[in-house]
Amino acid sequence: MTRFIKKTVFFIIPVVAFLCMADYGLSRILKTSNLSENTVWRDVIDGNINANVAIYGSSRAWTILSPEIIGDTLHASVYNMGLDGHNLNLQLLRHTLYFKYNRKPKTIIHSIEIFTLQKRKDLYNPDQFLPYMLWDKSIREFTSGYEGYKTLDYYLPGARYYGKTTAMHNAYNVLAHPASNKPERIKGYQGIDEQWNDDFDNAQKQIEFYEAVLDTPTMIQFENYIKEITSSEINLVLVYAPEYIEGQKFIRNRQEIMNVFLTVSKKYNVPFIDYSNDQLCYDKAYFYNATHLNKKGSEIFSGRLASDVKKLLIGKQAG
Amino acid sequence: MPASSRHSGINKLTMLFNSLTFALFFPVVFILYWFFTNKNLKLQNAMLLVASYFFYSCWDYRFLFLLLFSTLLDYVTGIRMKEASSDRIKKTWFWLSIVINAGFLGVFKYYNFFAASFANLLEQLGLNVNPGTLDVILPVGISFYTFHGLSYVIDIYKDRIEPERNFTDYALFVSFFPLLVAGPIERATHLLPQLKRQRQFDYTQAVDGLKQILWGLFKKIVVADNCATLANEIFNNSGAHNGSTLILGALFFTFQIYGDFSGYSDIALGTARLLGIDLLRNFAYPYFSRDIAEFWRRWHISLSSWFRDYLYIPLGGSKGGTWVKIRNTFIIFIVSGFWHGANWTFIAWGAINAIYIIPSVVLQTNRNNMEIVAKGRIFPSLKELATIITTFALTALAWIFFRASSIQHAFDYISRIFSASTFDQPSFFKLKVQLITGLVVFLMLAVEWAGRENPHALMKFGARAPRFFRLGFYYMLLLCIFIFSGSDQQFIYFQF
């Protein structure tokens, strides 16, 4: 038995050493990757944001709100922290880590939408957490409720990379083709230079309408977050960016959700600017699908939003 | 896979052999087994039983009660049959156990199938009825532990064995965790005596167990799971692919099911060997078979031999006239197909295999190839190669029924294979994955070919090569598992 244990241990030691080294190496390389969300996570966790205005939200923030245009109008540095595919819960993970590692902003523009208060089951794009999640309490707390990683993935070096072929391939690309590792997002923003596509038509073919489900814990989380911000010196502006008008009709309980936002806005005295009837909403030329403005639309809208926020902030200072 | 969505464990995946949870669970059991309970057999068996129940309850604790009830029923039946004062009482106990065991299987596994099929039949006759299907999930491993219990009760009834009076030992025979959820289907005559005697740690056996586990993990995680990704894509969109791509899909599934189930069996056998227990061999390189009869002696051996001993032979076996042989062969294969799941596709798969094998049964050529192919040689002869390829092709064709979602789907799939589009270039929709999968399948076949004269492929692999070569090979397998593990796929046989 002693011989067996000894030999097994000697066999396992290189495996454990390899896992630790693979974990360290892969995480280090992936931290330098500029693939979509990676850039923002790196800036957040490395404390590189240093912005006066932070933009929160989902892909509707990431692709719609240009920090450059907004910054020019507000004469402030702006960073867009829109998180693709995720609802409020993981937007708040980014918020938590942002506040932990960076200077706090003076203003937060939070792009809210129909899906903000929903909860999805799967951990969409789980690879984005790989380089940072080992022994990170915040990431574990926010992501462990999803179907994605298992408990041991947060604690055992190497475990979370098991079978992550795409992540390993990305790491290889960063090393082998450094020239192609260009940032896709500038200050977190990425305008999508596309025309109207089939997304909305396909959705209509599949279902007659969509009904968003409000998640009670997420609603509580939303109110707590607003309380946290309003109790500080930070200005919070809730924004509902333009949606294509036919797309608005596609959401059956849209008004119910808008009422929730209105109620919260009034309850905590937080400005809520709703662009649901903006003239952009009536022209497909500004969208690439029903919920996302294209680059042309986003640039027009960013300018419009910046002016409105500026008026609001000036009014607040005057008041 | 048909029926998989009804499975209790399908979304839990808490204690799969290829999970980190199991990688933590097993060393704890190993330490308790060899260091803390090894001096007291009763305590050691009790600990194994608790570990087995814990293992099972990680899937779904509710079905632990079903397992306990089934175990208790067969335990009591065994003793009552032995102590019965008359044949009538003995028979009553025997049938009580058979009916209740079959009843569990019937309710959990087959009720919906029969209800829906009956309603369908009435509908054909112009009568509309609500089939009243049950919204029940299938308890994991029910087909396996029920068959353990049935063989035990039948053997006692036939006076082949004595009943086990120690409940812990009997319960462990039914629930021993390496075999609990997907076999091998053990016999009381084989496993119980091992549980009754003190086990001694055997270094060679333990090292061999580790090798078998490693090979099983490679087959499951690298081969089967990667093949599954491609097979699923092709089978789920078979209407959109040409014939040559569908052939690829059938091949991927053929290797998926082998890698999956034989990989599982290797891990189960290796795990048991680390505990000093030998389980029945389940696979013996079936894809190197030269005819279908040989294939069935090498595929899921514990189930095939169960059906042979408890169904085929009692029906008369190959004794009697030609029609009796044909009838018995059909019965055993159709029942075997039905055992796999409540779907006409499995029955069709069984029937096709019966059709394949009947000529050799009738012509009494079914025992022509008893030894492993090309024994003592490196390469097979051309004739052997041709017969291996033919048998493999027939098997792959039958697997289409096993994998298809319905009989219609299988026929559509096969008709597209036998169409002009088969001469078109296959669609390489995931070229890199397809290439890597092809390479790992080749590696698996090469290693299995080299080790085909041994109980498992790695047993003597590289035995004559320097030690660093062997170690390097094991580390390469581990690296493949780490890098090329496919998407987390359920073990196919857990649904049965």
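Meeting here means being in contact, with C-beta atoms, placed from the backbone, within 7 Å. Helices (H or I, at least four residues) and strands (E, at least two) are DSSP runs, numbered from the N terminus.

This is a predicted model, in which local features need pLDDT of at least 70, side-chain atom pairs count only at pLDDT 80 or more, and totals for chains, interfaces and linings use all residues. Residues are numbered from 1 along each chain as its sequence is written, while chains are lettered from A and ligands numbered from 1 in the order in which they are written.

By class, the contact of α1(B) with α2(B) has eight nonpolar, one polar and no charged residues. Here Ala, Val, Leu, Ile, Met, Phe, Trp, Tyr, Cys and Pro count as nonpolar, Asp, Glu, Lys and Arg as charged, and the others, Gly among them, as polar. α1(B) and α2(B), residues 41–60, pack at an angle of about 170 degrees, with their axes 10 Å apart. The two helices are therefore roughly antiparallel (angles over 145 degrees).

Now for the contact between chains: ten residues of chain B are in contact with eleven residues of chain A. On the chain B side, α1 (20–36), α9 (203–236) and α18 (467–484) each give two or more residues. The largest share, four residues, comes from α18(B). By class, this side has nine nonpolar, one polar and no charged residues.

What about the nonpolar cores? Such a core is a set of buried Ala, Val, Leu, Ile, Met, Phe, Trp, Tyr and Cys residues joined through C-beta atoms within 7 Å. A residue is buried if 20 or more other C-beta atoms lie within 10 Å of its own, exposed if 12 or fewer, and partly exposed in between. The largest core has 120 residues, and Phe252(B) is among those with the most contacts inside it. Helix α10(B), residues 243–274, gives the most to this core, with 16 residues.

| Residue | Phi | C-beta neighbours inside 10 Å | Class |
|---|---|---|---|
| Ser36(A) | near 30 degrees | 16 | partly exposed |
| His75(A) | near 50 degrees | 8 | exposed |

Ser36(A) sits in the loop between α1 (2–31) and α2 (37–45) of chain A, and His75(A) in the loop between α4 (67–74) and β2 (78–80) of chain A.

Conventions:
Two residues are in contact if their C-beta atoms, placed from the backbone, lie within 7 Å. Axes are lines fitted to C-alpha atoms, for helices over the stretch in contact, and angles run from 0 to 180 degrees between N-to-C directions. Angles under 35 degrees count as roughly parallel, over 145 as roughly antiparallel, 65 to 115 as roughly perpendicular and the rest as oblique.
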